[in-house]
Amino acid sequence: MPYETFNENGSGDDGRLPIPEINDIENEPDILIQGLSDISEYDSRPDEDLHEDTPVCSRCGAPVSHSAEMCEDCERLIKKYPVAVRSVVFAFIAVFVAVVGTVAFIANRPIASDVYSGDKALRDGKLSDCYQYYESAYSFSSALNSAFKLPSGISLFTSGNGTLSKQFTAIYKLNGPYECGSRIEDFYGDKIPRRLRGIKAEYDMIVKVNSVVDKRFSDYYDSIGDKKNETLEGLVAVIDDIEKEYKFPSYMMNYYRFLSSMAVMADLDVRKGYLDKVMNEKPDALWLYASYGISIYKESGDLNRALYICKELLKLDPTDPSVLAYTVSVLRMSKEYDKAIAFYEKAVKTVDPDIEMIRQYAIILMLQGQYDKAEKMLIDAYEESPEEASEYYLETMCACFIMTENEDDFKRAVDDLSERGRTLPEKITSLRLGETTLEEIFTEGNGETK
């Protein structure tokens, strides 16, 4: 039989035990039998003497008298502690596990329900709803985990924790990488989950761009001495130098050129030109340009592009009141009043209209000559939430009161504007003097009261 060398644990060089071949086993002497001592066929003593019994304690094995089952020490111990300590511990653990399991099952049901509802809302594009569901699940889960802390960071209520990355994804789609990235940074610090690292990287880029641009603009204003001396050419030159030095995305550079054109109130065509570049280079960056875009494209008369932005925003969240109001305003600027009314009436079946939605609807009613109905809507909404009314809302009320010849409410609206440090805009004064019309105010130019 061939033998291998052995290491310390008895195995071969490769760590495996040596296995003899079949032929070697057959030819090997019967060493197991040879190694045993000889045993006679029988013992000459009587059977009863072969195994003489000595009574022992059934608990500890100590010798006892023939009539006793346990020794005296064990009997005293049993009388004092009739149930074994180990049995008590096991019983306690069993009860604890049962209670914890029941609590975890009951508590996880509403958490899981919120997660399911959030997933459905996310699939349906209802991002505001899905975020609220995820937030509810996570908050409830966190509260329960704080109340029922277990060692080693074990979490009983994991359904809510699992939705956190989904919350951040919803925030990203709703509000873009800047707001989402700041929340990720605050919550995770340096330990960013893999699925969120792309958002965080985009956030870091935006933070760096902002930091560099702010510093260079600050240096520019220091060099010109007075902000009144700023020029579009000077501001754009700063952006051009940054673009040459850093490899920042082009859409971010054009966005700052657009902001520069807004700062100096450049011609509409110039502002629109920069915004066109941003939108063409990064069409999905609605968080960056949407609000400016709708306003600029309405004012420039490019209503198709303004409506396109509205539709893209509605895909993200069809229940956002501000987006619904934007959409009604663009349809109004297009003079598609029937479509605007139908859109509004469909929206309010599922969404409680905010004060801006009501204002937009009232403007359309006014343009259709339904002044009394518009007036009632405007007054009712204002009396219910005066703190939510914008200056545009008060100015729209003034326009409506002119058409209904409601002099008392007109004066009250003017006084409310005055308390905010505002005077009646020229367009409303011209309407009062008969020098302009509602159509000119609300369907031309920027379509607003000023």
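**Close-up views of a predicted model**

**View 1. The largest nonpolar core has 83 residues.** Among these, V209, M252, Y289, I309, Y393, M397 and F442 touch the most other members. Helix α17 (residues 355-367) gives the largest share of this core, 10 residues. A nonpolar core is a set of buried Ala, Val, Leu, Ile, Met, Phe, Trp, Tyr and Cys residues joined through side-chain atoms within 4.5 Å. Buried means under 20% relative accessible area with a 1.4 Å probe, protein chains only. Helices are DSSP runs (H or I, at least four residues), numbered from the N terminus.

The model is predicted: local features need pLDDT of at least 70, side-chain atom pairs count only at pLDDT 80 or more, and totals for chains, interfaces and linings use all residues. Residues are numbered from 1 along each chain as its sequence is written, and side-chain values use heavy atoms, leaving out hydrogens and water.

**View 2. V209 is in contact with F248, M252, M253 and Y256.** Neighbours within four places in sequence are left aside. Contact means heavy atoms within 4.5 Å.

**View 3. R332 sits in helix α15 (residues 321-333).** R332 is buried because its relative accessible area is 0%. Its side chain makes a polar contact of 2.6 Å with the side chain of Q360. A polar contact pairs N or O atoms within 3.5 Å; within protein, one must be able to donate a hydrogen and the other to accept it, and residues adjacent in sequence count only if both atoms are side-chain atoms.

Notes: Helix = DSSP H or I, 4+ residues; strand = E, 2+ residues; numbered from the N terminus. Buried < 20%, exposed > 50% of the residue type's maximum accessible area, 1.4 Å probe, protein only.
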